[in-house]
Amino acid sequence: MKKTYRLIDHTADFGIHVFGSDSQALFANAALALFDVITEMDVLKSRDFCKITASGEDWSDLMINWLRELLYLWNGKELLVKSVQILSLSENKISAKIYFDPFRPDRHTIKTEIKAVTYHQIQVKSGPSGWEARVIFDI
Amino acid sequence: MGGQSYIRYLIAIFFPKCYYVVYNKIIDGVPKMTINVKKIDKYRWEVPKTGAMRVPGIIYATESMLRGSSQNEPLKQVANVATLPGILKASLAMPDMHWGYGFPIGGVAAFDWESGVISPGGVGYDINCGVRLAGTSLIEKDIRPKLKELVDALFRDIPSGVGSTGSINLSIPEVKKVLKNGSRWAVSQGLGDTSDLDFTEEGGCMENADPDVVSPRALERGKKQLGTLGSGNHFLEIGVVETIYEPEAARVFGLFEGQVTLMLHSGSRGLGYQICDDSLAFMSKHVKKLGFDLPDRQLACAMIQSKEGMKYYNAMACAANYAWANRQILMHRSRDVFLRVLGMGPRDLGMNLLYDVCHNIAKKETHLIDGKKQTVCVHRKGATRSFPPGHSALCSEYQQTGQPVIIPGDMGTASYVLVGTQKAMEETFGSTCHGAGRVLSRKAAKKASKGRSINRELEDKGIVIRWTGRSTLAEEMPDAYKDVSQVVEVVHGAGISKKVARLRPIGVVKG
C-alpha cells in the first residue's frame with residue numbers, strides 16, 4: 001500500500017497522520033491506514049462487502065465516528081477491511097461501501113490491537129496542498 | 001536569553017527548591033503552555049489555581065519524577081480536570097501519573113454528587129481494569145520443578161491475546177445477568193466461593209448497574225469474552241513473597257515470606273471499551289448544551305444528576321460488574337490449572353483470594369470535606385482505592401488492618417501489597433497509586449529492545465514467560481515502565497498507603 005499516512009507515537013498510545021487530495025480521499029485513506037496498522041492488508045481478497053454510514057457534528061466528529069464504525073467491523077464482527085468506496089460525503093455524513101474478509105487466524109496476521117478511536121487532539125483540515133487529519137488510537 | 005527565559009532562570013536561582021518550572025513544548029500544534037509546579041513537601045507538589053481552574057492540582061511525586069518532557073502533558077491534564085464543574089478540594093495525581101485521554105492516568109478527582117459532573121474520560125476505556133491477588137500454602141521450591149509446565153498450562157488454558165474469546169458463550173439475556181450481578185454471577189455458576197465476594201472491592205457488584213442502558217454492540221462484544229485475559233498490559237503472574245514490611249497486616253492478609261502467590265490483571269474487555277466509546281459519543285454532543293468550554297474533547301462529561309450522567313454511571317457499573325465476573329472466572333480457572341499440574345487437592349494448594357481491587361472506576365462515596373460529610377463521585381483512573389482500618393466498606397477480616405492495595409509492577413521486577421490509611425481518606429479521597437506507569441512509548445520500547453532477547457533476560461532472572469502478541473514482549477519490557485519501587489516509596493512516604501509486602505515474579509503469562 002502506498003503510504004498515505006504516517007504514524008504518530010505517544011507515550012501511552014499512538015495514532016495516524018493521514019493525507020488526501022480531497023475530503024473523499026482523506027476519509028478513504030484514513031480507513032485504509034486504520035486497517036494497515038491492524039493487519040497485513042496485502043493478503044486480503046475483498047471476499048464480501050457491506051455498506052456503512054456515519055454522521056458527525058463537524059469534520060473532526062465525522063472522522064472519529066467513521067473510524068469508530070470501521071473499527072467496530074473488526075472489534076465487534078471480526079472483519080478485516082481491504083478497501084472502501086465512498087458513496088457520499090458531506091461535513092455531517094458519510095456513506096461508503098466496504099470490502100472486507102472475515103478474519104481467519106490461520107490466514108491473517110494481527111499486527112496491532114487498536115481498542116478505540118479517541119478525540120484526543122483530533123484534527124481534520126484542508127489547505128492548498130490537500131486535506132489532512134490526525135487521529136490518536138487507544139491500543 | 002529571551003525575557004521569559006530570563007525570569008525562569010532567576011526563579012531557578014532564587015527558589016531552587018521551591019519552584020520547579022516545567023517547559024511545555026509545542027506538541028501537535030497545541031499552543032505553548034507553561035505549568036508551574038510548587039513544592040508542598042518532599043512528596044507533594046501543587047499546580048496553583050490559575051485561569052479556569054476551580055481548584056488547585058496536587059501531584060504525589062518526587063522531584064526527579066517531575067523532571068523530563070514526558071510529564072508536561074499529564075501536568076496540563078491535571079490542570080484541565082481542575083476546570084470541571086463541581087470538582088472538590090483538588091485535581092489529584094499519583095506518582096505513576098502519565099499521559100491519558102482527557103484525565104491523566106494516575107488521576108483522582110471527586111465531584112459533588114448533586115452539583116458535579118461524571119466523565120467517561122475520568123474512568124478510562126477499560127472500565128474496572130483491576131488486579132486480584134491470591135495466596136497459596138506453597139513455597140517456591142514446591143513448584144519450581146514444575147514451573148514451566150505450570151506456566152505452559154496457564155498459557156494454554158486461559159485464553160489471552162488480541163480479541164481472545166473463551167469457552168464461555170453467553171446469550172444476550174445471560175450477558176445481562178452478568179452485568180447486573182458481577183462476581184455473584186460467576187459464583188452462582190460454580191466458578192468461585194461465596195467467600196470470594198467478601199474479598200472483592202464492592203463485593204464484586206455495583207448495585208446501580210442497569211443492563212437496559214447498554215448498547216446492543218457492547219452486549220454483543222460481551223458474549224464471547226468472559227473468562228479471557230485480553231492483551232496489552234494484562235497478565236497472569238506467579239510470584240513469591242520476597243519481603244514483609246508489616247508483619248501484622250501480612251499475617252491478616254495470609255502472606256508469609258517465600259510464599260507462592262497468583263496475581264492477575266485484566267478488565268472488562270471489549271464490552272467496557274464499547275460502553276466508554278458509546279458514552280463519549282453521546283456525552284460529547286450533550287456537553288455542548290451545558291454551556292461550558294472543555295479544554296479537551298476527551299473530557300466530555302454530564303452532570304451526575306442528569307439523564308445522561310446517570311445513563312453513563314449505570315452503564316459503567318455494568319462494565320465494572322463484567323470485569324469482576326471476568327477476574328473471578330480467571331482466578332477459578334487458574335486454580336484448576338494449579339490443582340491439575342501440581343496434582344494436589346484444594347486444601348494442600350490453599351489458594352485463597354486475598355483481595356480484588358479496581359483501578360479504573362467512578363464511585364459514589366462519602367468523604368469529609370471541610371469537616372462535613374459529603375456525598376461525592378470519586379473518579380479513579382489508574383488509581384486504587386485505599387480505605388483505612390474501620391471503614392464500613394471493608395469485610396470484617398480487614399477491619400483492623402485496612403484495605404489491601406495491590407500494585408503490579410513490570411514483569412521483570414516486583415509487585416507490592418500495600419494497605420489503606422486514614423491519611424488517604426483525608427488527602428486523596430481514599431486513593432493511592434495503581435502500578436508502575438509507562439515511561440517509554442510502545443514504539444520506543446520496541447526500539448530499545450532491538451538486538452536484545454527480553455525472553456532470555458527474564459529467564460536469566462529465573463522468570464518463565466509465555467506471551468501471545470508478536471510485539472507484546474518488547475512493548476511490555478521492564479524498561480518501558482517507571483520503577484515500581486520508587487512509585488511505592490512515594491505513596492508510602494506520603495502516607496496514603498503503607499507497604500506490607502513485596503512480591504517477585506517467577507512465572508508470567510502475557511496477552
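**Exercise 1. Describe how α5(B) passes α12(B), and classify their relative orientation.**

Solution. In this predicted model, the crossing of α5(B) over α12(B) is right-handed.

Step 1. The elements concerned are helix α5, residues 147-157 of chain B, and helix α12, residues 307-342 of chain B; their axes lie 10 Å apart and form an angle of about 140°.

Step 2. Angles over 145 degrees count as roughly antiparallel, and 65 to 115 as roughly perpendicular. The two helices, α5(B) and α12(B), are therefore oblique to each other.

Step 3. On α5(B), the contact is formed by B:Glu149, B:Leu150, B:Ala153, B:Leu154 and B:Asp157, and on α12(B) by B:Arg333, B:Ser334, B:Val337, B:Phe338 and B:Val341. By class, six of these contact residues are nonpolar, one is polar and three are charged.

**Exercise 2. Characterise the side of chain A that touches chain B.**

Solution. 

Step 1. Contacts link 21 residues of chain A with 26 residues of chain B.

Step 2. In chain A, α2 (59-75) and β8 (130-138) are the elements that give two or more residues to this side. The largest share, three residues, is that of α2(A).

Step 3. The side of chain A comprises seven nonpolar, seven polar and seven charged residues.

Definitions and conventions. Residues numbered from 1 in each chain as written. Chains lettered and ligands numbered in written order. Predicted model: local features only at pLDDT ≥ 70, side-chain atom pairs only at ≥ 80, totals over all residues. Contact = placed C-beta atoms within 7 Å. Helix = DSSP H or I, 4+ residues; strand = E, 2+ residues; numbered from the N terminus. Nonpolar A, V, L, I, M, F, W, Y, C, P; charged D, E, K, R; others polar. Axes fitted to C-alpha atoms, helices over the stretch in contact; angles between N-to-C directions. Parallel < 35°, antiparallel > 145°, perpendicular 65-115°, else oblique. Left-handed = near helix turned anticlockwise from the far one by under 90°.
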